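Hi everyone, thanks for coming. Let's look at a structure together and take it one piece at a time.

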Amino acid sequence: MWKKIHSVSRNGFRVLFKERTFIFLLVIFILMTIFSTYIGWSTKNTIEKVYQETVIKLKESGVSEIPLDTFLIAPALSILKNMIVYIFLIGSLLSIIIGHSSFMGDRMAGISKIVFSRSISRKEFITGKILGIFNVLTLIISVSFIISYVSVILVTGHPFSGSETAKLLIFYLISLAYLVIFALLGLFFAISSRSESLALVNPIIVWIIISFVLPQLTSALNPNALLNPVSVQGAVPHSRFFTIIQEVIKPFSLSENYKEIGSSLLGVGPVNTGVLQILINNSAGILLMLSSIGFLIYGSIFSMKRFDACEEEVDG
Amino acid sequence: MGKSKSIIEVIARKEFRDSIKSKLFLTLVSFLILLIVVSIVVSSFDFKSQVADYRSSAKILKDMGKSSEIPDMPQFFPLKSMRGVIEYIEIIGAVIGIILGYLSISREKGKRTLQLVLTRPVKTTDLLTGKFIGNSFLVLLVLLAGLFFSFFIIWGLGGLLLNITEVIKLLLVFLFSYLYIMFFFCLSSMLSLWFKSLSNALIICFIIWLVFVLIIPQIGDTMDPDNQIPGGFFKSMNIDKPQEKEIMAKFATYETTRNAIEESSITKHYERLNFAVTGIKEKYNGKNFGFIFKDSWKDLVWVLSFLIVAYFAEYAVLSNKRLTFDGG
């Protein structure tokens with residue numbers, strides 16, 4: 001059984017590689033990881049200088065009580081704060097494409113019509129596909145982790161402590177779980193949708209709901225404000241209406257839970273706590289992610305069982 | 001001329017009929033309308049809760065005998081509640097344009113009718129114009145529905161009937177939205193014609209959408225020094241606007257780079273244009289059209305330029321029969 005699963009997974013990986021989808025996505029991830037460090041570093045340097053200029057201006061105006069420089073004491077990892085947004089925004093969308101391509105390619109080529117004439121069950125086939133997706137994402141996330149690790153050391157000039165390395169590692173593990181959710185979403189719709197375009201657009205609609213609509217309902221933040229980790233961190237509900245909505249929806253809002261865990265791990269928030277404490281504080285969010293993965297795996301297996309292998313040509 | 005006009009009309013009618021029957025299109029339109037409703041409702045509730053907060057603070061100050069310290073009551077500017085709607089059109093409106101463009105070409109490619117049409121006495125411009133006009137009607141219909149919902153929700157929840165200037169401003173927002181969506185329509189049609197695999201064309205188009213709509217604005221926003229602290233850095237330091245400008249003048253290169261990054265995206269121009277017209281950007285709130293367009297005409301020119309370039313790029317790809325049929 002494992003041999004067959006492994007064979008499907010290896011084949012899925014090879015197809016993604018051959019179609020250049022994998023290389024393309026890997027390049028995007030590498031670029032966005034480098035960008036994230038560079039932008040974080042450049043912005044931190046600039047805001048430091050802006051702070052110094054502001055202090056001079058305040059002193060000239062005779063102000064004696066000057067607010068503290070909070071940027072100077074910000075943790076080294078906080079320059080990677082854009083990575084949170086890139087993962088929840090770009091990474092998740094690209095993962096949908098990975099999940100979509102991994103099955104839709106077979107459907108379009110008619111492979112799904114003949115593969116079950118061989119001695120492989122649908123469950124084994126889909127498990128292999130899921131494993132293939134997981135391997136691709138693990139490789140991408142590992143490369144991203146290494147680049148982040150090296151680039152932050154290079155720009156800050158300080159090696160990471162054990163706790164910082166652990167935080168970065170856990171951040172990328174959580175990010176991997178987040179990406180797997182969206183890849184499975186892409187896979188699920190690729191199996192269950194009748195047309196190719198609906199199979200791509202439906203998970204994108206779910207992505208928009210998770211990334212923009214639910215957070216807007218809980219924080220009243222408009223879509224663009226949600227792209228800035230700082231405004232997300234500063235968003236507080238104004239009234240009882242939003243407090244109630246937040247209490248009801250937030251525990252089920254994947255993107256907000258991910259952003260909260262990411263911010264705590266990278267030290268974007270005001271409180272800098274230990275790894276274990278962060279994991280305990282965010283255990284509900286982690287559980288939500290894991291149960292979403294479980295639910296989507298079950299959904300994919302279920303739709304694979306109902307999948308019509310003798311279907312006519314897939315619509316555009 | 002008359003014959004050409006009738007060909008364009010036939011193609012436009014066919015495009016309109018085909019797209020309006022598409023499940024995909026209907027799904028996206030319903031979703032956009034739902035988002036418009038959610039966005040204005042959330043915005044209205046947000047404003048109502050601000051007023052409630054104000055009233056309770058004012059009461060406390062009054063009870064303490066500090067009536068003179070009570071600040072002005074927050075004012076409701078109905079068009080400002082359109083912010084979420086504009087931002088959703090930036091995101092979903094663009095997706096609708098992409099899907100319409102994709103459907104318009106995928107139908108032809110799937111049934112191999114493009115080659116057939118081009119062997120008949122149909123000019124490339126007629127075909128392109130017909131498709132453009134047919135889909136324009138669809139986009140305008142969707143936006144009209146959005147306009148209708150926005151108007152009545154603001155009226156129903158905010159209790160405010162828009163005056164004639166505000167209605168004109170609202171119409172301008174929807175006109176700019178039309179230009180913006182049609183840019184993505186042309187881009188998507190062009191890529192669908194160009195690429196052999198429709199799926200790859202759609203993926204590339206979504207990547208471009210991601211860059212224009214989300215990545216570039218995100219980079220510009222997070223690089224803004226004032227956005228480094230919730231509520232604003234300068235506000236936290238008790239620095240007023242003129243002082244802020246003096247300080248930032250010393251970081252001209254950084255600000256120019258940041259602005260250049262933002263300006264490379266059609267979405268940012270579309271957003272700036274609409275934020276000026278609706279008064280979401282404080283500087284333009286309550287100002288006349290002359291004042292607004294004195295600054296914003298450049299953004300309008302940018303949006304139009306993006307659309308014209310995309311239209312001619314599509315024309316170039318369609319004209320190049322070799323490329324098109326290789327892809328078909």
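Predicted model: local features only at pLDDT ≥ 70, side-chain atom pairs only at ≥ 80, totals over all residues.

Is B:Tyr178 buried or exposed? It has 20 C-beta neighbours inside 10 Å, so B:Tyr178 counts as buried. And which residues does B:Tyr178 touch, leaving aside its neighbours within four places in sequence? Those are B:Val139, B:Leu140 and B:Leu143.

Now, stay with helix α6 of chain B, residues 164-194, and find helix α11 of chain B, residues 266-278. Their axes come within 9 Å and cross at roughly 175°. The two helices are therefore roughly antiparallel to each other. On the α6(B) side, the residues that meet α11(B) include B:Leu172, B:Phe176 and B:Phe183, while the α11(B) side includes B:Tyr270 and B:Leu273. By class, this contact has nine nonpolar, two polar and one charged residues.

Over to chain A, where helix α6 covers residues 162-192. Of its 31 residues, 22 are buried, so α6(A) is largely enclosed by the rest of the structure.

Finally, how do the chains meet? In chain B, 52 residues are in contact with 43 residues of chain A. Several helices of chain B each supply at least two residues to that side, among them α2, α3 and α7. By class, the side of chain B that touches chain A has 32 nonpolar, 13 polar and seven charged residues.

How values were computed. Residues numbered from 1 in each chain as written. Chains lettered and ligands numbered in written order. Axes fitted to C-alpha atoms, helices over the stretch in contact; angles between N-to-C directions. Helix = DSSP H or I, 4+ residues; strand = E, 2+ residues; numbered from the N terminus. Parallel < 35°, antiparallel > 145°, perpendicular 65-115°, else oblique. Contact = placed C-beta atoms within 7 Å. Nonpolar A, V, L, I, M, F, W, Y, C, P; charged D, E, K, R; others polar. Expected span 1.5 Å × (residues − 1). Buried ≥ 20, exposed ≤ 12 C-beta atoms within 10 Å, placed from the backbone.
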